[in-house]
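Welcome! Have a look at the structure below, then read on.

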Amino acid sequence: MDKLSHLIIHEVNNGKWKGIKAGRNGPMVSHLMFADDLLLFGEAKEEQMKCVIDTLNKFCTLSGQEVSQEKTSIYFSKNVSREMRNKLLRISGFKEANSMGRYLGVPLLGRAPKRNDFQYLVDQVETKLAGWKAKQLSFAGRVTLAKSVLEAIPIYPMMTTRIPKTCLSDIQRIQRSFIWGDTENGRKFHAVSWERVTTPKWMGGLGLRNLEYMNLACLIKLGWKIFSGADDYWCRIMRGKYKNDEARTTDSNLWKVIAGLKHHVWNNCKWIIGDGKDIDAWKHVWIEENLILEQHTSIPQDLQGARVCDLVGNDGYWNWNMLQDWMPANLRYKLAAILPPNAENGKDELAGMGGNCVSFSVSSMYQKLRDFNMDEEDPIWRNIWKLQVPERVRSFVWRVKWERLLTNSLKHRMGLTSAVCCFCGMADETILHALRDCSIVQQFWQQIVPQEVRGAFFMSSLQNWLHINVNYAGKLAIGGRWCDFWALACSCFWTWRNKELHGEKIVWPSNIIQHVRKLGENYRKALHTMEVVEQHESIVAHIHWKPPEGVFVKLNTDGASKAGNRAGCGGVIRGNQGEWLGGFAKGVGNCSAFVAELWGVLEGLLLVQRMGFENVELSIDSKAVVHVITAGKATSADGYAIVRKIRRLLLMDWNVKVLHEYREANKCADALANTGCILDLELIFYQECPMEIRNILLADELGISTPRIIVA
């Protein structure tokens, strides 16, 4: 097929084959090749069709292949007359297509999508369900299938098309019905609202996705590709057609959708500073994720519309004289940790959602659209899903936490039955009564409940009772953790009660304690067989600072971030006898320890360069920093501009070895980094060793070691 591509390009270059252009500035498109499809584009003229046929015939002669008449068709523009269409069809011998059809099952539409275009998704979901025996599945099993199979069906078309809401609503309705066990004969009890079910597990949901928001997140990724300047072929075509302008009524539906989501890209994707010319200083995110300056402070009138490059003084540093009178101190400290723009840094780049330099996290964008807040997290949810019990038991405890077991008390509130317990007849059948207080289970708990939680166990309200038992991981004499044993026992009691109430023949185990213990033991054994544990031998190593070899000098750097994210960095340069050659400490501002470490490397290399050393051993105690500056591939936008500058320094005409050392061999640099944390954006150079770290320097010179357990 490469030969066919070469033949087409040859005809295009000779001016015989005229492709199409989307807009005046877009690339010429003559052909698109896919895994099993070929699209050819040309003018609707007789000489053009003859050129296409001649090129195909030439390829067939060379390759021995033939064009399939049955599988080949021509799709005409609506501007082509009927007479011209007939002429071209006669010349080619191909049939006419009234639509562009489908690719990988997705309809190719030249208009806004309609519900009927995507009815096939609903049909696919229903077809999947028809092959499953839902009655034989537990609630947890149905949830797992809904997440892994039903939810995945519409994902591919959602990556490129805004699916009609009615279609997505139908799919989610089918999901809900399947999860809660609805049948053709009637609707079952939907214990928890769909809004709660589609929240993450750590917020009390089941982790299913809201398909409408997921569709938006996928489309925002397309917008990021276009607005970040990606060189993908389709991006070049779209930019050539629309130039990133606002959508007009005559524009394609896809562009209208992408342009309408532009604000999500600007508000959620962080810029990586290059020359600072493309970044709006006040409206774009560039200091840290989710931080737009105009939302946090009032911008002076004379600075409205400023780009980031306009905030830099003639000396190449941030122009604090311009900023300090009106910008709050906390924002100034965050700004100080950002490398100022410079023409040498190249163009600005728009990182993907999730802070990734090279990709866009649809999952992170989805969570942002849903506005999930970590501050709303209740640790009990994570502990429920960490129980070492089968998934159906964890799902049971999840429903207990929501107080949505279908007890007589709950059915009474629905007007369905009496609230009294059918077993003891002594009290209303609440969740707490069924699982703890009923006479048929109380004796069991009296035998097994640990002494240290016994009082709280029998006296607590439902929510407190659940918290006590889920959070108590004490070991039982019969083996296993109490929280796991409790969850299994409660699940068994509820199952046995319901089977007996619904007329199933069931014999309760004679020794319930041993039965529950065995269930837990079997689950742990199954887990153990599934785990692939890689054994690594650990040894005790004696770590100490090592002098550089031969003509090299050694540069140790470090960074630190304290409470409130006040960060500093520091470094020391020493000779092969351990002698002090120079050092520095710098107040970086507000940032993470990772960014502070990068600042330490940058300032250290600049200092060594100014001092004229050409052979340098650069020692860093962070493996992440060593990896990013040696590989040059940062997965995070944080500090990426600093990484690029470090990489340029390393490529200069000198010899720098980048090494990783344990922190026990980096104590001098660590002490100077901690000094930097208390400096107010200052950079201090030390020609001689400061008094406060002379003992550390002496210990390094003497080779005094510190023991550390490491993997052999």
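This is a predicted model: local features need pLDDT of at least 70, side-chain atom pairs count only at pLDDT 80 or more; totals for chains, interfaces and linings use all residues.

Apart from its neighbours within four places in sequence, R142 is in contact with A134, L137, F178, I179, W180 and G181.

**R142 and its surroundings**
- R142 sits in helix α5, which covers residues 139-150.
- R142 is buried but has no salt bridge, and the nearest side chain of opposite charge, D182, is 8.4 Å away.
- A polar atom of the R142 side chain lies 3.1 Å from the backbone oxygen of F178.

**The second largest pocket**
- The second largest pocket holds about 1,400 Å³ of space.
- Its lining has 40 residues, and the closest to the centre are R142, K188, R399, W494 and N498.
- Two or more lining residues come from each of α5, α7, α17, α18 and α23.
- Helix α23 gives the largest share of this lining, with seven residues.

**Salt bridges**
- The whole structure has 32 salt bridges.
- D170 and R115 form one of them, with their closest N and O atoms 1.9 Å apart.
- D170 lies in helix α7 and R115 in the loop between β8 and α4, so this pair ties together parts that are 55 residues apart in sequence.
- D170 is buried, at 19% relative accessible area, while R115 is partly exposed, at 26%.
- E288 and K334 also meet in a salt bridge, at 2.9 Å from N to O.
- E288 is in the loop between β9 and α13 and K334 is in helix α14, so the pair links parts 46 residues apart in sequence.
- R517, K518, E521 and K525 are joined in a salt-bridge network.

Notes: Residues are numbered from 1 along each chain as its sequence is written. Side-chain values use heavy atoms; hydrogens and water are left out. Helices (H or I, at least four residues) and strands (E, at least two) are DSSP runs, numbered from the N terminus. Buried means under 20% relative accessible area, exposed over 50%, partly exposed in between (1.4 Å probe, protein chains only). Lys and Arg count as positive and Asp and Glu as negative; His and the chain ends are not counted. A salt bridge is a side-chain nitrogen of Lys or Arg within 4 Å of a carboxyl oxygen of Asp or Glu. A polar contact is a pair of N or O atoms within 3.5 Å; within protein, one must be able to donate a hydrogen and the other to accept it, and residues adjacent in sequence count only if both atoms are side-chain atoms. Contact means heavy atoms within 4.5 Å. On a 1 Å grid over the protein atoms alone, a cavity is a set of points where a 1.4 Å probe fits but cannot get out, and a pocket is an open set with protein on both sides within 12 Å along at least five of seven lines; lining residues have an atom within 4 Å of a point. Grid points are joined across faces, edges and corners, and a volume is the space filled by probe spheres set on the points.
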